[in-house]
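I opened my notebook to walk through one protein model, step by step. Come along and look things up with me.

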Amino acid sequence: SSGINAEYGYKSTLYRGVKYLCLEDACFGMKAPCAADIKVGTVDFYSLDSEEKKKIHKKKKLGIAPILGFRFAGAKVYKVASGETECYDKKWGLSFTTVNAAQKTETYFDNGRAVRR
C-alpha cells in the first residue's frame, strides 16, 4: 500500500511488488538542517528497468558523475553565522566540473563560520 506521512516528510510506495520509502523532504520540520541528496555510482537506472527506460536514463544529464562516481542532486545547509538555510538544487549539482568539484563540495560542509571536518 501507499501512504504519506506529512508530519515527517516521507511516503511509502509499492513498485513491482517491493515497498520503497520515498523521502519528500528529509529536512521537514528541522530548524537548522544540513542534508544532501547525493547520488553515488555511475548508473542512473534500475537493473529491472526495460531497455527503453534504460536508454532514456542514459541520455539524462549526469554531470561529472560518470567521472567522479557521485553527484549532488540537491542540498540544504544551515549557515550558523547568518542563521539562514541555503538551498542548492539539481542545477547546482550539474554545474560541478573536474576543476571545481572540490570547492563546490566544500560549500556543503561550510557552515558559515568554518568548514566541517
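Entry 1: I started with a word I needed: a residue counts as buried when its relative accessible area is under 20%. The model I am reading is a predicted one. With that cut-off, 24% of the 117 residues of the protein chain count as buried. I also looked up the surface: the protein chain exposes about 8400 Å², and 55% of that is supplied by carbon and sulfur atoms.

**Entry 2: the layout.** I found 4 helices and 6 strands in the protein chain. Reading from the N terminus, I noted the order β-β-β-β-α-α-β-β-α-α. Then I checked contacts between residues at least 6 apart in sequence, and 48% of them join residues at least 24 apart.

**Entry 3: the core.** Which residues make up the largest nonpolar core? I wrote down 9 of them: Ile64, Phe72, Ala75, Val77, Tyr88, Trp92, Phe96, Ala101 and Tyr108. Strand E5 (70-79) and H4 are the elements that give two or more residues to this core. E5 gives the most, with 3 residues.

**Entry 4: the rings.** I looked for aromatic pairs next and got a count of 8. Ring pairs link Phe70, Phe72, Tyr88, Trp92, Phe96, Tyr108 and Phe109 into a cluster. I picked out Trp92 and, leaving aside its neighbours within four places in sequence, found it in contact with Phe72, Lys104 and Thr107.

**Entry 5: helix H4.** I turned to helix H4 (101-109). Its residues Ala101, Lys104, Thr105 and Tyr108 are buried. On the face turned away from the buried side I found the exposed residues Ala102 and Gln103. I also checked what covers the buried residues of H4, and the cover includes strand E4 (34-40), helix H2 (65-68), E5 and helix H3 (90-94).

**Entry 6: after the helix.** My last stop was Val115, in the segment after H4. Is Val115 buried or partly exposed? Its relative accessible area is 22%, so I put it down as partly exposed, since buried would need a value under 20%. Not counting residues up to four places away in sequence, Val115 touches Glu106, Phe109 and Asp110.

Notes:
Residues are numbered from 1 along each chain as its sequence is written. This is a predicted model: local features need pLDDT of at least 70, side-chain atom pairs count only at pLDDT 80 or more; totals for chains, interfaces and linings use all residues. Side-chain values use heavy atoms; hydrogens and water are left out. Buried means under 20% relative accessible area, exposed over 50%, partly exposed in between (1.4 Å probe, protein chains only). Contact means heavy atoms within 4.5 Å. Accessible areas come from the Shrake-Rupley method with a 1.4 Å probe; for residues, only the protein chains shown count as cover. Rings of Phe, Tyr and Trp (its six-membered ring) pair if their centres lie within 6.5 Å; planes under 30 degrees apart count as stacked, over 60 as edge-to-face and the rest as tilted. A nonpolar core is a set of buried Ala, Val, Leu, Ile, Met, Phe, Trp, Tyr and Cys residues joined through side-chain atoms within 4.5 Å.
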